[in-house]
Amino acid sequence: MKMSKNLMKIKLKEKTAVNTYISPDVYIKMSEVMESVLENLCEEIVLAFESSGDRKITMNNVNAAITNVLLFRGENDGV
């Protein structure tokens with residue numbers, strides 16, 4: 001997943017005090033983590049879909065995957 005550096009900067013700056021310096025490598029790490037989380041979420045969606053017997057990926061599959069990602073966050077994120 002590619003998220004623009006500008007969008008990450010805006011989102012992070014909204015949460016910090018005015019004139020807070022953010023090192024440029026912070027955005028690189030944020031991007032790496034987001035890529036890992038997306039990869040993990042996609043894998044979990046496929047697992048939920050395959051175990052459901054459904055003919056299409058549904059919101060139930062996605063919600064089950066999100067629950068698994070949130071419950072087991074950090075165990076397999078690769079970052």
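**Figure 1. Where helices α1 and α2 cross.** In this predicted model, the axes of α1 and α2 come within 10 Å and cross at roughly 100 degrees. That angle makes α1 roughly perpendicular to α2, because anything from 65 to 115 degrees counts that way. On the α1 side, the contact is made by Lys5, Met8, Lys9 and Leu12. On the α2 side, look for Val26, Tyr27, Met30, Ser31 and Met34. Sort these residues by class and you get six nonpolar, one polar and two charged. If you're wondering what to look for in a view like this, two packed helices are described by the angle between their axes and the distance between the axes.

**Figure 2. Zooming in on methionine 8.** Here we stay with helix α1, where methionine 8 has its place. Is methionine 8 buried or exposed? Its relative accessible area is 4%, so methionine 8 is buried. Leaving out residues up to four places away in sequence, methionine 8 touches Met3, Tyr27, Met30, Ser31 and Met34. Now pick out serine 31: methionine 8 and serine 31 are 23 residues apart in sequence, yet their C-alpha atoms sit 8.7 Å apart in space.

**Figure 3. Helix α2 from end to end.** Helix α2 runs through residues 24-52, which is 29 residues. From first C-alpha to last it reaches 43 Å, close to the 42 Å expected at 1.5 Å a residue. Which residues of α2 are buried? They are Tyr27, Ser31, Met34, Ser36, Asn40, Glu44, Ile45 and Ala48.

**Figure 4. Asparagine 19, out in the loop.** Between α1 and α2 there is a loop, and asparagine 19 is found in it. This residue has a relative accessible area of 75%, so asparagine 19 is exposed. What is phi for asparagine 19? It is near 65 degrees, a positive value in a residue other than glycine.

**Figure 5. Asparagine 61, tucked under cover.** For another asparagine, go to helix α3, where you'll find asparagine 61. Asparagine 61 has 3% relative accessibility, so it counts as buried. Which residues is asparagine 61 in contact with, leaving aside its neighbours within four places in sequence? The list is Ile45, Ala48, Phe49, Ser52, Asp54 and Lys56.

**Figure 6. Valine 69 and its partners.** Helix α3 also holds valine 69. Valine 69 counts as buried at 13% relative accessibility, because the cut-off for buried is under 20%. Not counting residues up to four places away in sequence, valine 69 touches Asn40, Leu41 and Glu44. Take a look at cysteine 42 as well: it is 27 residues from valine 69 along the chain, with 9.9 Å between the two C-alpha atoms.

**Figure 7. Stepping back to the whole chain.** How many helices and strands does the protein have? Three helices and zero strands, in the pattern α-α-α along the sequence. Of the 79 residues, 18% are buried. Take the contacts between residues at least 6 apart in sequence: 41% of them join residues at least 24 apart. The protein exposes about 6200 Å², and carbon and sulfur atoms supply 59% of that area.

How values were computed. Residues are numbered from 1 along each chain as its sequence is written. This is a predicted model: local features need pLDDT of at least 70, side-chain atom pairs count only at pLDDT 80 or more; totals for chains, interfaces and linings use all residues. Side-chain values use heavy atoms; hydrogens and water are left out. Helices (H or I, at least four residues) and strands (E, at least two) are DSSP runs, numbered from the N terminus. The expected span of a helix is 1.5 Å times one less than its number of residues. Buried means under 20% relative accessible area, exposed over 50%, partly exposed in between (1.4 Å probe, protein chains only). Contact means heavy atoms within 4.5 Å. Accessible areas come from the Shrake-Rupley method with a 1.4 Å probe; for residues, only the protein chains shown count as cover. Axes are lines fitted to C-alpha atoms, for helices over the stretch in contact, and angles run from 0 to 180 degrees between N-to-C directions. Angles under 35 degrees count as roughly parallel, over 145 as roughly antiparallel, 65 to 115 as roughly perpendicular and the rest as oblique. Ala, Val, Leu, Ile, Met, Phe, Trp, Tyr, Cys and Pro count as nonpolar, Asp, Glu, Lys and Arg as charged, and the others, Gly among them, as polar.
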